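Work through the exercises below with the sequence and the model at hand. Try each task before reading its solution.

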Amino acid sequence: MKDMADNLFITLVTIMTIALSILIASAGGLLFVNAGDVMNGWKKGIRIMAYITPETRESDVAGLRETLAKMSGVRDVRFISRQEGLESLKAQMKRQMSLIDNLDINPLPDAFEIFMNPEEQTFEKIETLAARVSALDSVDDVEYGQAWIGRFTQVFNLFKFIGITMGILFFMVTVFIISNTIRLALYSRRDEIQIMRLVGATDGFIQVPSYIAGLIQGAVGGMVGLIALYIGYLAISANIEKNFSSYVIHIRFLPWNVVLGIIVYSVFVGWLGCFLSLRQFLKNN
Amino acid sequence: MSELTKKHPIVRMFHVYKRYGAKNALADVSLDIDFNEWVFVTGPSGAGKSTLLKLMYRGETVSEGQILVDGSNLIRVPQGQVPMLRRKFGVIFQDFKLIQTKTAYENVALVLEVAGLKPQLVRKKAQNVLRQAGMEDKMNQYPPSLSGGEQQRVAVARAIVGDPKIILADEPTGSLDSRSAAIIMDLLKGYQSRGATIIIATHDKEILSRTNQRIIYLENGRVMDHGMRTDVERNE
Ligand SMILES: Nc1ncnc2c1ncn2[C@@H]1O[C@H](COP(=O)(O)OP(=O)(O)O)[C@@H](O)[C@H]1O
Ligand SMILES: [Mg+2]
């Protein structure tokens, strides 16, 4: 502690460095959390419609249902009879009712509505499943709208990749800066450390103040970064709620376990910075 | 010390060499120092006095030869045990080597904290030894606000607080006036009377001329004389 006070400037620089990198990284995290929310909302709407050939016998329909339900990535299968299809079509097109009312025959085929497991709704998986369904003999045609979400997923994944890469880069830069500031602090304590060794101090004893300083700097830096992020979040979400209906976009802060994780992470970064500089310093001095 | 007393060496050196590059700081040094003995090490500047002391507490390692301290061979002491070895010694320097950012008391207490003593015991022992050194009143001052003599008294207190078996003093009076020097020597004598071995490197003529203790004379890294004062005078 006394150590940190002696090197107040260095300590502040270290804390600000950690805070800044935590702020940037967790702002990225916040963006992904909310983009992920939006995507999941869209994904819930994804379903594949499989239209059954008119020749299919009623007895075969149950078998087809089994086959579809067993396909990988399928969460649920719902049968929509041609009558049911017509009803919902009528409901959707009340204005043009007369047109449909005048139909003598039902032009719609029977269909299965296939819902996918949310975690398997990547663009590729949707396409593969659709292809496999349409390859079935008794399936006439397959329809899956909103395939553009798949494209969006790809872009999202690209951003995720960039984000993770940046995160690793930030991690290395932060560790580097911390280990350097701690090394500076150690150099300013060089005489003291030599004297401590002279009177029989173990390396462990000598390291304790540096580790305490590193851990505190990490924790404080992490918290300052998160507080800054939270202030930014409040400002932005207030702005969004003023301009959009909150039904359209609801942004939320990082969940508490992520917040906790970020603090643990920044403490770890502080520890690692210490570990690296101490190992080198004690070997050479 | 009577010649008839049976002697036990606490420090033994066998054909010790210490080289810095091509230079022999010490060459073929063999000597014994007994339990509870008081020994001066002297010789001209650069003779190897400081090096001799450093080798004993493994501030440096020998280039060749063997050193036994209190029965353990220093070559065989693993790096992790060096702190334990250091606790057998109290070391005193010409430039005091006090931690400038710690008070006199904290400097002394550090030795005991390092050894893992309980806080109450640390306080008791550190205060006690500072009182012996006559530094009780100034124990909460920082070294820069103390005179040289006072700083060296703190350094002596630090050297003896852990009850080490051996005191190594490298020119302990080198930067002190003769009155302060006398106080330091008295403190060390007091500590010797409690059973410790005292090894002092010095070229202080005044101190050497008044002693009847053994004087080891070094020149160019070699022991020229193990003898008593009269022998040294013959060499000069
Ligand atoms: N760390 C070192 N590196 C190189 N040479 C050294 C080192 N320490 C001591 N020496 C050399 O070893 C010799 C003995 O030094 P030292 O033991 O300090 O002598 P003294 O204390 O008797 O004045 C000197 O010639 C000195 O220059
Ligand atoms: Mg010297």
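**Exercise 1.** Which residue takes a positive phi in the hairpin of β9(B) and β10(B)?

Solution. This is a predicted model: local features need pLDDT of at least 70, side-chain atom pairs count only at pLDDT 80 or more, and totals for chains, interfaces and linings use all residues. Residues are numbered from 1 along each chain as its sequence is written, chains are lettered from A and ligands numbered from 1 in the order in which they are written, and side-chain values use heavy atoms, with hydrogens and water left out.

- Find the hairpin: two residues sit between β9(B) and β10(B). Strands (E, at least two residues) and helices (H or I, at least four) are DSSP runs, numbered from the N terminus.

**Exercise 2.** Which strands pair with β9(B), and in what sense?

Solution. Two strands pair if DSSP finds at least two bridges between them.

- Strand β3 (residues 38-42) of chain B pairs with β9(B) in the parallel sense, over four bridges. V39(B) has R214(B) of β9(B) as its bridge partner.
- Strand β10 (residues 222-225) of chain B pairs with β9(B) in the antiparallel sense, over three bridges. Here Y217(B) is partnered by D225(B) in β10(B).
- Now check burial, meaning under 20% relative accessible area; exposed is over 50%, partly exposed in between (1.4 Å probe, protein chains only). Five of the six residues of β9 (residues 214-219) of chain B are buried, so the strand is largely enclosed by the rest of the structure.

**Exercise 3.** Which residue forms a salt bridge with K125(B)?

Solution. 

- The partner is D163(B), with the closest N and O atoms 3.1 Å apart.
- K125(B) lies in helix α4 (residues 119-132) of chain B and D163(B) in the loop between α5 (148-161) and β7 (166-170) of chain B, so the pair ties together parts 38 residues apart in sequence.
- K125(B) is partly exposed at 28%; D163(B) is partly exposed at 42%.

Notes
A salt bridge is a side-chain nitrogen of Lys or Arg within 4 Å of a carboxyl oxygen of Asp or Glu.
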